[in-house]
Amino acid sequence: PGARAAGVPRFVDTMLAEYYAPNERARFVGGLAGVDARARAAHGRPFLGCRPAEQFALLEALDREAFAPAAPGAPAAPPPFFRTMKELT
């Protein structure tokens, strides 16, 4: 089954509502809004309105950014939104 049929949206909603601290929830929701903002900036429409190839390109860029090595000596930061989203899904 796909993500919807497997219950991924329900799982993510439950995790955010019951296990994430308010600031972590806000960061996650802000990350979703950021994906739409990047899609709008690049293609003039929200992520779900983009063509599959445009969605794929954006997801590839987010993945590269999320798993890029940290600069030596850089202060610890929360994990990037996309990394958290991948872990949940």
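1. Contact here means heavy atoms within 4.5 Å. Helices (H or I, at least four residues) are DSSP runs, numbered from the N terminus. With those terms, the buried residues of α1 pack against α2 and α4. Buried means under 20% relative accessible area, exposed over 50% and partly exposed in between, with a 1.4 Å probe and protein chains only.

2. A note on the source. This is a predicted model: local features need pLDDT of at least 70, side-chain atom pairs count only at pLDDT 80 or more, and totals for chains, interfaces and linings use all residues. Residues are numbered from 1 along each chain as its sequence is written, and side-chain values use heavy atoms, leaving out hydrogens and water.

3. Look at α1. Val8, Val12 and Leu16 are buried there. They lie on the same side of α1, because they cover an arc of only 65° around the axis. That arc is taken from the directions from the helix axis to the C-beta atoms. On the other side of α1, Arg10, Asp13, Ala17 and Glu18 are exposed.

4. Next, α2 with α4. Helix α2 spans residues 22-43 and helix α4 residues 81-88. Their axes are 9 Å apart, at an angle of about 105°. The two helices are therefore roughly perpendicular, a label for angles of 65 to 115 degrees (under 35 is roughly parallel, over 145 roughly antiparallel, the rest oblique). Axes are lines fitted to C-alpha atoms over the stretch in contact, and angles run from 0 to 180 degrees between N-to-C directions. Arg27, Phe28, Gly31, Leu32 and Val35 of α2 meet Phe81, Thr84, Met85 and Leu88 of α4.

5. Beyond its neighbours within four places in sequence, Thr84 is in contact with Tyr20, Arg27, Phe28 and Pro79.

6. Helix α3 (residues 52-66) also meets α4. The axes come within 8 Å and cross at roughly 105°. So α3 and α4 are roughly perpendicular to each other too. Leu59, Leu62, Asp63 and Ala66 in α3 meet Phe82, Arg83 and Lys86 in α4.

7. Finally, the core. A nonpolar core is a set of buried Ala, Val, Leu, Ile, Met, Phe, Trp, Tyr and Cys residues joined through side-chain atoms within 4.5 Å. The largest has 15 residues, and Val12, Phe28, Val35 and Leu58 touch the most other members. Helices α1, α2, α3 and α4 each give two or more residues to this core.
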